[in-house]
Amino acid sequence: MPRKKKTDEDGENIPASSSATIQLQTMSKTPQLVKGMKDILPVDQELWGHIRDTATKIATQYGFGRIDTPIVESTTLFTHSVGKQTDIVEKEMYTFEDQGGDNLTLRPEFTAGIARAYIEHGMLNMPQPIKVFTIGPLFRHEKPQADRYRQHHQFDCEVIGEANPAVDAQLILMAFKLYKTLSLPVILHINSIGCLSCRGTYREVLAEYYRTKRSQICEDCKRRLLKNPLRLLDCKEEQCQPIKAGAPQIIDYLCEECKSHFEKVLEFLDVLEIPYSLNSHLVRGFDYYTRTVFEFYLLQNDEDTPSLALGGGGRYDNLVEVLGGRPTPGCGFGLGIERIVNRLKQVLHDGGEIALPPHAPVDMFLAQLGEQAKRQAMVLFEDLVTEGFAVAEGFVKDSLKAQLELANKLNVRFTLILGQKELLDGTIIIRNMEGGEQEVVDIKKIIPILKKKIESVSEDSYLNL
RNA sequence: GUGGCCGUGGUGUAGUGGUAACACAGGAGGUUGUGGUCCUCCCAUCGCGAGUUCGAUCCUCGUCGGUCACCCCA
């Protein structure tokens with residue numbers, strides 16, 4: 001294809017044409033992918049589809065129905081649920097004012113939108129709990145790097161309207177099962193951050209403890225101490241580690257109900273044989289979490305490089321109420337699909353194998369020669385497709401050579417050749433691509449003949465197994 | 001948002017202060033009736049902009065992008 005000549009100044013200096021020809025306005029800069037965004041190309045769709053299918057299957061098995069909420073929500077939905085002090089709301093939201101003056105935000109997470117839908121559609125009047133899942137894009141304006149994008153996708157499950165610890169455990173089981181089905185070894189990190197009252201008590205104790213060590217902690221932690229003491233436990237600074245290690249643990253400050261809830265969750269996990277690691281430093285970045293919080297990490301065989309979480313979630317017993325609904329408990333998780341995709345790609349890169357469902361092969365190629373034959377072939381192609389054959393064509397090519405080349409690349413078993421001569425005789429050629437032998441058959445009988453051929457082939461391969 | 005490293009065609013790599021080599025992929029063709037081999041040809045002004053210079057893809061700065069670490073998360 002000839003390269004278009006670039007015009008100066010985006011074509012602004014092109015003299016007005018005397019004819020009525022429309023002038024192309026060539027862009028001086030080729031548009032680029034917006035920072036932090038990623039195209040999901042056809043080559044990757046098989047992997048993506050596999051993950052989506054597996055996730056959907058598991059969700060369905062556990063009685064979850066799909067929900068799709070809009071990507072755009074009111075900004076206040078997130079500021080009130082996720083919390084104004086959180087990193088996400090403070091600096092990572094794609095927020096804008098639309099033409100009508102509404103303050104909107106591209107969803108940075110799923111739970112708030114789903115809780116909104118729960119309230120708005122009066123789902124409290126349906127049998128509780130409501131169990132829903134979704135898969136879709138989320139937006140966070142972070143500094144992009146590997147495994148971290150500004151638009152990423154999550155598989156998300158939520159159970160709203162039930163406080164029983166069995167829910168927490170079953171959600172964790174589902175996530176665990178998905179990773180397991182995809183052959184990704186993961187370790188669960190779990191903690192309980194209690195309810196509003198016991199967390200409040202703990203926060204005081206923790207802050208008190210840190211205040212005595214103030215001179216020894218890093219600058220960030222001094223800030224955290226004032227703004228959000230729980231985040232102190234998240235610090236990875238070297239100098240803070242010993243202080244962190246000696247810090248009071250929230251487990252010891254849980255109220256009776258919260259403690260019992262957490263114990264029951266762990267008992268379920270034991271019975272279900274889900275490997276977990278109690279992580280008293282796990283807090284998570286959303287304000288709405290209560291009681292159970294958890295994250296999944298890839299189980300590394302070498303040194304446990306604290307990689308990025310593959311997924312996470314927790315309980316949010318106050319969220320619905322905060323958003324103006326009746327007091328309603330809830331629990332859920334989100335798993336990053338890109339992170340799963342990247343792990344699986346790594347497995348493939350390292351020479352491993354991933355059991356992808358076999359993709360349907362193309363059975364045959366329909367080649368034509370000559371204008372008349374091409375017209376007839378287009379009709380025949382429709383018949384073949386309607387009959388359910390996986391058939392490819394090369395109507396944009398005129399030479400038989402080019403078409404056979406295509407057929408070869410597609411790895412088809414047969415190529416049907418319809419030329420002028422066959423058209424006149426009312427026949428068609430079936431070429432076996434493996435050996436190259438050809439037979440001329442009556443075009444009227446082509447469909448039953450092909451059916452027989454395809455059948456016998458699939459029987460053969462069945463026997464070979 | 002802060003700091004380090006990086007930026008040559010679709011991909012993976014060469015290379016030099018005087019306008020770029022190789023492999024693969026892709027396209028066209030080797031006289032519109034036959035594929036997987038072979039042959040020929042085509043496909044990059046070296047991310048973008050500015051500066052230094054007689055002249056820069058190679059030097060400097062900026063910018064954009066990628067990547068890694070921090071932050072935090074999926």
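The model is predicted. Leu404 sits in helix α13. Show its contacts next. Leaving out residues up to four places away in sequence, Leu404 touches Ala367 and Thr415. Then put a distance label between Leu404 and Leu416. The two are twelve residues apart in sequence, and their C-alpha atoms are 10.0 Å apart in space.

**The sheet under α13**

α13 lies across β12, β13 and β14, and runs at about 175° to β12.

Now hide the helices and look at the strands. They belong to an open sheet of five, in the order β13-β12-β14-β15-β16, with mixed pairing. The edges are β13 (391–393) and β16, each of which pairs on one side only. On average, neighbouring strands of this sheet are turned by 25° against each other, direction ignored.

Strand β12 (residues 364–368) runs parallel to β13, and three bridges join the two. Pick Phe365 to see one pairing: its bridge partner in β13 is Ala392.

Arg431 stands opposite Gln438 in β16. Follow the chain through the turn. The two strands form a hairpin with five residues between them. Click Gly436 in that turn: its phi is positive, about 95°. Is β16 buried or in the open? Of its five residues (438–442), the number buried is zero, so β16 lies largely in the open.

**Both domains**

Zoom out and colour chain A by domain. The assignment gives domain 1 as 42–195 + 255–349 and domain 2 as 364–450. The centres of domain 1 and domain 2, taken over C-alpha atoms, are 51 Å apart.

**Around RNA strand B**

Select RNA strand B and the residues near it. There are 51 of them, and the closest are Ala146, Gly285, Gly336, Gly419 and Lys421. Elements that give two or more residues to this surface are β6 (151–160), β10 (311–315), β11 (330–336), α11 (337–349), α13 (400–410), α14 (420–425) and β15. Which element gives the largest share? That is α13, with six residues. Colour the surface by residue class: 14 residues are nonpolar, 15 polar and 22 charged.

**Inside domain 1**

From the list of elements, take β6 and pick Cys157, which is found in that strand. Cys157 has 26 C-beta neighbours inside 10 Å, so it counts as buried. Its contacts, not counting residues up to four places away in sequence, are Ala59, Phe64, Phe133, Leu171, Met174, Gly332 and Phe333.

Helix α4 (residues 111–120) is the next selection. The helix is mostly covered, with seven of its ten residues buried.

**Backbone stops**

Step off the end of α4. Gly122 follows the helix, with a positive phi near 55°. Continue to Pro129, in the loop between α4 and β5. The peptide bond joining Gln128 and Pro129 is cis, with omega about 0°.

Move on to Asp147, in the loop between β5 and β6. Its phi is near 70°, a positive value in a residue other than glycine. With 16 other C-beta atoms within 10 Å, Asp147 is partly exposed.

End at Arg291, in strand β9 (residues 290–298). Arg291 is not a glycine, yet its phi is positive, about 50°. Is Arg291 buried or exposed? It has 27 C-beta neighbours inside 10 Å, so Arg291 counts as buried.

Key. Residues numbered from 1 in each chain as written. Chains lettered and ligands numbered in written order. Predicted model: local features only at pLDDT ≥ 70, side-chain atom pairs only at ≥ 80, totals over all residues. Buried ≥ 20, exposed ≤ 12 C-beta atoms within 10 Å, placed from the backbone. Helix = DSSP H or I, 4+ residues; strand = E, 2+ residues; numbered from the N terminus. Pairing = 2+ DSSP bridges. Domains from an automatic or database assignment. Near = placed C-beta within 6 Å. Nonpolar A, V, L, I, M, F, W, Y, C, P; charged D, E, K, R; others polar. Contact = placed C-beta atoms within 7 Å. Axes fitted to C-alpha atoms, helices over the stretch in contact; angles between N-to-C directions.
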